Number of protein chains: 2
Amino acid sequence: MTYSEENYLKVIYHLSLASTKGVTTNAIANVMESKPSSVTDMVQKLAEKELVIYRKYQGVELTDQGRFMALMIVRKHRLWEVFLVDKLDFSWDEVHDVAEQLEHIKSEKLTNKLDEFLGFPTEDPHGDPIPDKEGKIAKIEKQLLSEIPAGRRAICVGVKDSSSTFLQYLDKQQIALGSTLEVVSKEDFDLSLTLRVDNKEVTVSNKIAGNLFVKLI
Amino acid sequence: MTYSEENYLKVIYHLSLASTKGVTTNAIANVMESKPSSVTDMVQKLAEKELVIYRKYQGVELTDQGRFMALMIVRKHRLWEVFLVDKLDFSWDEVHDVAEQLEHIKSEKLTNKLDEFLGFPTEDPHGDPIPDKEGKIAKIEKQLLSEIPAGRRAICVGVKDSSSTFLQYLDKQQIALGSTLEVVSKEDFDLSLTLRVDNKEVTVSNKIAGNLFVKLI
DNA sequence: AAATATTTTTAGTCTAGCCTAAAAATAAAT
DNA sequence: ATTTATTTTTAGGCTAGACTAAAAATATTT
Ligand SMILES: [Mn+2]
Ligand SMILES: [Mn+2]
Ligand SMILES: [Mn+2]
Ligand SMILES: [Mn+2]
């Protein structure tokens, strides 16, 4: 498995979570910031290796083997993110690019020892679940903050967008995983929300609320 | 800097320690398990980038910039080896291959935070010195065990060969870094040595003794 | 249903990093 | 000082993984 093949598998895995149909060539190209023709090439190679099922013009789906490989990459990515934050004091907006590299290190022993060293974490610093060594991944109970009606309280449990601009915005608003958010009111006009966080009121746009995962309490 | 360029620089660095002259094409090809023609190719690219000085048929030497880059790769390699042994309970014969991968991770912050997390170690699990972030590397005082005369005592401080067969042999003989070795006698015929280690006597061949670094006490 | 737009695939190129085989330079032996 | 052996370089090829441009298939409008 090359570095590049691993990246394709991971992207296909993430895209396949969003839709039940086959993952399209263009969608992959967009995420990878490459060209559809390059994607077609690679997808045909992955099909040769039986990591995906490919039918011309119909997109691709992961095989069981392909999904397992993708999950192992996701596992490594998220474990390394935990390592960086918990052990090396990185902040949650600094870990992604380094984890993109570390996820390709090939050593089962390393992955499993790291998992143990970190205390078998179940979630990464962004609230995403960490697959175990068998590829089992917990389904985390969560909704988007934008779907919560006024008057309800919820705990922040994850982010949909984990770009550093978004994460730094949350830091500035003092919103972290585990924070309790009360939806004070919701504007009909732009769907912006007024929240109470730590006894302070903040207003966030619908776009912000649509990228924060919460759990009602 | 590609993965491959980094490997070349590192190999050139290691070979340049052994001889004062330019590092030869064949020597590089041997270590890299590749062909001299491939080496010539790459060496010309590195010369373009001013990482080495190359004169046809005369071998290469690192420039200051090239040496610094090589040292940063060596630094990462050895820090990761310490991490694997100290934090993840790898044994000293299991770390090299994984460190070969980890040494290519590009993040100064990661390297320096890791260094700090490990308590700024000065040596790796094989007794090799770890360059600091400026590229300074301590010269460790050491001799080969094969050069120690009978009757003297010495502390084991490093290995020249760090193949897992050799390291496992040392484990079996209960020789570790820090062990005190007394040279009880030396055979004239084959230069084999009888040592006292932990009040037990062991006989080791000249080949073994030629791969163990010690410091007289 | 036909026309138009979009998506996807194919065909052909390019570069990095490897290779083999042949030529050129250097080193060693006679 | 030649001849012979070794080392190194050049020339030409191959594959992975990207690209552009053109063709083919599918989706959307009219
Ligand atoms: Mn990430
Ligand atoms: Mn994450
Ligand atoms: Mn090593
Ligand atoms: Mn080492």
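**Reading strands, a metal site and a DNA surface**

Mentor: Start with one pair: B:Leu144 stands opposite B:Phe213 in β8(B). This is a predicted model; local features need pLDDT of at least 70, side-chain atom pairs need 80 or more, and totals for chains, interfaces and linings use all residues. Residues are numbered from 1 along each chain as written, chains are lettered from A and ligands numbered from 1 in written order, and side-chain values use heavy atoms, without hydrogens or water.

Trainee: In which sense do β3 and β8 of chain B pair?

Mentor: Strands pair if DSSP finds at least two bridges between them. Helices (H or I, at least four residues) and strands (E, at least two) are DSSP runs, numbered from the N terminus. Here β3 (residues 143-144) and β8 (residues 212-216) of chain B are antiparallel, over two bridges.

Trainee: How many bridges join β4 of chain B to β8(B)?

Mentor: Five, and these strands also run antiparallel. β4 of chain B covers residues 153-159. Its B:Val159 has B:Leu212 of β8(B) as bridge partner.

Trainee: Now the metal. Which residues are the protein donors of the manganese ion (ligand 2)?

Mentor: Donors are N, O and S atoms within 2.8 Å of the metal (3.2 Å for Na, K and Ca); water is not among the atoms, so sites may look incomplete. A:Glu81 (OE), A:Asp124 (OD) and A:His126 (ND1) lie 2.1 to 2.3 Å from ligand 2. Their sequence spacing is E-x42-D-x1-H. A:Glu81 sits in helix α4 (64-87) of chain A, and A:Asp124 in the loop between α6 (108-117) and β3 (143-144) of chain A; the pair links distant parts of the chain, 43 residues apart.

Trainee: Are A:Glu81 and A:Asp124 buried or exposed?

Mentor: Buried means under 20% relative accessible area, exposed over 50%, partly exposed in between (1.4 Å probe, protein chains only). A:Glu81 is buried because its relative accessibility is 1%. A:Asp124, at 5%, is buried too. A:Glu81 also coordinates the manganese ion (ligand 1), 3.4 Å from ligand 2.

Trainee: Which element gives the most to the surface near DNA strand C?

Mentor: α3(B) gives the most, five residues.

Trainee: Which part of DNA strand C does the side chain of B:Ser37 contact?

Mentor: A base oxygen, 3.0 Å from a side-chain N or O atom. Phosphate oxygens lie 2.8 Å from such an atom of A:Thr40 and 2.6 Å from a polar side-chain atom of B:Thr2.

Terms used:
A polar contact is a pair of N or O atoms within 3.5 Å; within protein, one must be able to donate a hydrogen and the other to accept it, and residues adjacent in sequence count only if both atoms are side-chain atoms.
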